[in-house]
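I set down here what I looked up, entry by entry. The model comes first, and my notes follow.

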Amino acid sequence: MREFLFMQATRAIPVADPGLKSKELFLYWLSLSETQYFLRNELGKMCPNVPRTAIEPLHDSENSFRALTRAVSPPPSLSKSPRSSKGLTGISPKRRNSSRLNHSTSDKSGGDQASLERSRAADTLQDVPRFYYPNGKKDASENHQHTLRAAASVFQAKPGGQLNLEDFPALMKACKLPVYWKSPLFNLCRGMNGTVDLTGFKKTWNRVVQGCHDAASRFVYIMTKGKRRYLVEEDFADLIQDVISTHSGLACLTAAPEFHSRYIETVTARIFYTVSKSWNFKISISELRKSNLLEVLSELDKEEDINQELDYFSYEHFYVIYCKFWDLDTDHDCIIDASDLARHSDNALLPTIVKQLMSGVVTRRQGPANGVMSYKDFVWFLLSEEDKTTSRSVEYWFRCMDIDGDGILSLYELKYFYDEMVNKMDALGIESLPIEDYMCQLLDMVHPKEEGKITIRDLKDSHMATNFFNTCFNFEKYWELEQDASYKNTGEDVDNSLSDWDKYAQEQYRILAAEEQASDEDSDEDLDEQDRKALN
């Protein structure tokens, strides 16, 4: 019955996206005034003595609920059920009268108590204010007419009242919008002639603010042109290309268009790796609202050194990722196979983990066939490999190690990795730990709630996921851990504000830059030698 009522009540709810999460749909339904009336009406049936003033009158939009509550009546109560004559036989009139008197007295005292409880219930029966706003809560202080007047002044300053993309920074500042929203907003407003006029901007902006009341929902609307309530990877291409073309910190990249697509893929992969909390390669409005992406975009034009933006847009981070991929991709077809990936970090990864990475069980991204890894997948791999402290990296490596896919790392699976680690150490002539000590070491790191079964929650709560994963499948880092090399005090100042990934990228960029500089110097020396020979 409850399921039927819920389905009937939700028929009137507009759902823009059929993929809307059931939890969001339920919260939306629960926050509607019609739903609140319906629930109060049902409570009124259970508490008939509650004053009707506690229930607000029906509005026109609630007629469907009136019809619903009339059409579906509760089953008859036991007090109204017909009594059989057989149940009354054998009782004398006196006893019947006595029984009725006792029942009357009992009903009176019980009725007083019930009335008191219903009175208390009536006092607490109040309207539940709406608490769920999928498109943000309206800001009463927001003045959209002032925004449109500011925009009109920008259009009037241009001959013909037409704006190109190059003119949009002034419009964004006048409307107090982040500058790097300009490319998707321009595409949304652009007319048939490739420019934007005031009428087109007003029409578009009114459509945006009419249904979207905060920055996250407006950003999604602009990026998707109002077609979806979530973002996909392709939505970011124009925005990131605009960053390449206009940000002063990317001047060197602007002059090398052959690397634009790789930079776009890198930034996009990092955005979805960090912001999206699911594995469907979509970013919902709620996820965007909880992330720092909009804050980063709003400050990006104010930061001259783009390498100071460590979360998504750093050129140095892109350089490190791309160089690592280039070194493994020997045929340079932008795809690496198992043999290529096995060479990462001097063959540090065990064969089983490489096989799992190539099987597609981790990201399940639609693209190249199983057995190979695309550049975007490599970005996720390197981020997860070099920083195992994040929630995403824990999920990433847990999926790799969960060979049977049951959501639990069993001792059998741990022994599988132990056997491969022993083979690796035997080949190098290194003495390995006995399996009992190895298992105790792993279990002491995690302290699983259920003995012998490690869940992803156990790993996240332990804050020891880095050591756990390195011990299981990364020989180089496991050996460093065994030798305590990673904990030795080198006397250098350590910046604890940087993440493990930031530290890795910083160190690798210095190494790569030094190698490139040495290569350039060697090339200059060769040219000088050739010049001297030519002169002689």
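I find that buried residues make up 41% of the 536 residues in the protein, where buried means under 20% relative accessible area, exposed over 50% and partly exposed in between, with a 1.4 Å probe and protein chains only. I note that this is a predicted model, in which local features need pLDDT of at least 70, side-chain atom pairs count only at pLDDT 80 or more, and totals for chains, interfaces and linings use all residues. Residues are numbered from 1 along each chain as its sequence is written, and side-chain values use heavy atoms, with hydrogens and water left out.

**Overall inventory.** I count 26 helices and 8 strands in the protein; these are DSSP runs numbered from the N terminus, with helices (H or I) of at least four residues and strands (E) of at least two. I looked next at contacts, meaning heavy atoms within 4.5 Å. Among those between residues at least 6 apart in sequence, 64% join residues at least 24 apart.

**Helix 8.** I asked how many residues of helix 8 (residues 182–189) are buried. The result is 8 of the 8, so helix 8 is largely enclosed by the rest of the structure. Lys182 is among these buried residues, as are Phe186 and Asn187. I find that the cover over the buried residues includes strand 1 (162–163), helix 7 (168–174), strand 2 (196–197), helix 9 (198–211), helix 10 (215–224) and helix 11 (237–246).

**Helices 18 and 20.** I find that the axes of helix 18 (residues 351–359) and helix 20 (residues 391–401) come within 9 Å and cross at roughly 105°. Axes are lines fitted to C-alpha atoms, for helices over the stretch in contact, and angles run from 0 to 180 degrees between N-to-C directions. That makes helix 18 roughly perpendicular to helix 20 (65 to 115 degrees; under 35 is roughly parallel, over 145 roughly antiparallel, and the rest oblique). Helix 18 contributes Ile353, Gln356 and Leu357 to the contact, and helix 20 contributes Tyr396, Trp397, Arg399, Cys400 and Met401.

**Aromatic pairs.** I paired rings of Phe, Tyr and Trp (its six-membered ring) if their centres lie within 6.5 Å, with planes under 30 degrees apart counted as stacked, over 60 as edge-to-face and the rest as tilted. By this rule the count comes to 30 aromatic pairs. The ring centres of Phe381 and Trp397 are 6.1 Å apart and the planes stand at 75°, so this pair is edge-to-face. Phe381 lies in helix 19 (residues 375–386) and Trp397 in helix 20, so the pair ties together parts that are 16 residues apart in sequence. Both Phe381 and Trp397 are buried. I also looked up Phe469 and Phe473, a tilted pair with 6.0 Å centre to centre and 35° between the planes. These two residues are 4 apart in helix 24 (residues 465–473), separated by about one helical turn. Phe469 is buried at a relative accessible area of 0%, and Phe473 is buried at 0%.

**Charges over rings.** I required NZ of Lys or CZ of Arg within 6 Å of the ring centre and within 35 degrees of the ring normal. The charged end of Arg399 sits over the ring of Trp279, 4.1 Å from its centre. Lys282 lies over the face of Tyr230, at 4.5 Å from the ring centre.

**Leu383.** I place Leu383 in helix 19, and at 6% relative accessibility Leu383 counts as buried. Leu383 touches Arg270, Tyr273 and Trp501, not counting residues up to four places away in sequence. The C-alpha atoms of Leu383 and Arg270 are separated by 8.4 Å, with the residues 113 apart along the chain.
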